[in-house]
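Please read the points below alongside the model; they concern side-chain packing and the aromatic pairs.

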Amino acid sequence: MSNRVFKKLHGEKDLVTALGIDGMSESDDGGASFRGSVEKPIKNRFELLNSVEHSLSDTEAKEDDDRENEPPPAEGGQERGKLEKQDSTHSTDSLKRRKKKKTKKKLKSQKSTEENLDDGEDEVDASIRIVNKMLGEPDATSDSTAHSHSSTRHSHEKSVLSIDLRNLNPDNEMKKIFGSKVVQNEQNKKRGRGRAHGRSTVLVSQKNWPLIGKPGLSMSLVESKDGLQFFAFEHSKLYQAIQLQFLDAVESFNPDNIVALLNTYAYHIDALIQFSDICRMGDDTQMAAELIERAIFYMECCFHPLFNVAMGTCRLDYRITENRSFYIAIFKHLIYVGQRGCNRTSLEFCKLLLSLDPEEDPLGVILMIDYYALRCSQYEYLIKLFYEWNPTKNLFQLPNFAFSVPLAMYLFAMEEEENTHEADLMLQNAIIMFPGFLLPMLNKCSVEPDKAVNSHQLFQRPNDSPALTQLLSLYIGRTHTIWKSPEIMQWLEAQVREVILRHENNDPFFAQCEEKKKLRYVGTPRNILRHIILSDVRDASVLLPQELMASPIFGFDPLPPTDSISSYARPPRPVSADDRGVLSMFFRSLLPTFNVPRDGAEAPRDAAQGAVGGVGAQGGNDLRRSVTSLLDAMRDLISNIHLADVNNEGDVDSDEDNREG
């Protein structure tokens, strides 16, 4: 509105009051000048409309009062005055009715909002409910009885698996550690090397990478049930052809072939993951981490519009071949981020991986989420996760939760200056359940145990199965830096003494733990083996089964599931005469029963192929048995070779001199 309209409605003095400005006066030269500070700035300019409406009603009311006080008009002006008064009364009544309707609507909307807030529905939940109604899904309020079981089932998952998107950016954590200026200067240096193509992403920050162009990767919504959405990645025809070229390059065991493929197709996911492992083995960790980030960036650009990682309700089936690359890339990324000291970011990525399949947990994220929670001092989250999931998942059977949860309780109690009795009892029970933890942990922390502890039968020769030994070695190799603190060591020493006293008093809990260990930890599940391979913790890697280590394991898909699902098959590759040439003749000369398999692999990264180099199919089993027999024969051949004792030249000369003498 112009100033002329305001002046007409309010007058010059009332205009200052309507605009909320104090200290406005006319200067000597006729202009307006401001004196003092503005006490009531206008936050919403539409509030002026309300003030205009009030001013109109007030002005008309004043006019009515003036008309009442005026003397009656002379002659014919009396009728005209009555008509004007009726018109003004009618307009005033209409304004009051409109104002009353607006007030009722406003109160009604406020009441409905308050009712929603009282029911526990905030603005985000209300928007989600509206979107679900638009998508055709039943409303939670209208069908609360049908969904009561599913909401109870997944309420804990929403609470412990929901993700804060701000914590997925390691730069935010680096700013908290080193300060925003240091991080900003480092980012400016990187930006000076080249201009990055702008694209909004959440999981990783885009760098100076090539343009994506037309992606050959996409994501589709498979189904929605019980409040969960199941998605799957899909390969286009062109991407399938590139995938087959990549498998041929991997089987050649020549890194140059993978580099040539990436030079042509800069965003092939499996090639980026495999070449990242090659860079890591060459001690180029920075390049290895950047290749993984590029793979995640490409997959995030291909997300389905409904795939929201922050909600914790999106699922990816690990059995589907196309989905496994996302799991592997996120796992490797959180390892690299954790090595930079951004443990809070790694914890968020752990929750992301766990939310994709919390029931199966194909990469065993549950074995390391406690480590990053301790490293970033998220003690309350770890305790909450344990108490919510332990009744259904028996987390206390895992050594990492059995020891990390009491440690989190102890550290949290020390911060809050509370009693540590519950943490003490839980640690004692963990030591009784897993006595093989103590001496290896003390040895890893370079702590000399007490003579009474070192010679005690409980810790001397624990009856631990190979599977349990792998879990303990994995936990010790990963978390020994946390337990190395002097305060924690003193606390551990005090609880070990209590365990010895309980053992001397014949506590029945010892016998119960022995019975439980006989029934459990019989074999190592496939997801735990996959986790050990990807984690690359040396203490646990050396304990992998020998038959597993005898076969090549590729980093882009280690130990694929036995019930793997692939949308397209790999055509059989004929074996040329050159493949059965000199090398085959050499093997057959050493081992006559050796035969080169004539049928190639049939499916990319199938359960029996891909990550184990073809192991699992009939031809692959024959090849593995033949190669194993060949290696055994070569070992026997080498061990039976003995060099003849030949006198050297010096010895011959000395013998001749003796004869002459």
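**Note on core packing and ring pairs**

1. Leaving out residues up to four places away in sequence, L203 touches L168, I296, E300, F303, V309, F326, I330, H333, F349 and L352, where a contact means heavy atoms within 4.5 Å. The model is predicted, so local features need pLDDT of at least 70 and side-chain atom pairs count only at pLDDT 80 or more, whereas totals for chains, interfaces and linings use all residues. Residues are numbered from 1 along each chain as its sequence is written, and side-chain values use heavy atoms, without hydrogens and water.

2. L203 is also, with F401, F403, F459 and W483, among the residues with the most contacts inside the largest nonpolar core, which has 136 residues; such a core is a set of buried Ala, Val, Leu, Ile, Met, Phe, Trp, Tyr and Cys residues joined through side-chain atoms within 4.5 Å.

3. Aromatic pairs number 23, taking Phe, Tyr and Trp rings (for Trp the six-membered one) with centres within 6.5 Å, and calling planes under 30 degrees apart stacked, over 60 edge-to-face and the rest tilted. The rings of F233 and F326 are 6.0 Å apart at their centres with planes at 40 degrees, so this pair is tilted. Because F233 lies in strand β4 and F326 in helix α12, the pair ties together parts 93 residues apart in sequence (helices, H or I of at least four residues, and strands, E of at least two, are DSSP runs numbered from the N terminus).

4. F233 is buried at 2% relative accessible area, and F326 is buried at 1% (buried means under 20%, exposed over 50%, partly exposed in between, with a 1.4 Å probe and protein chains only).
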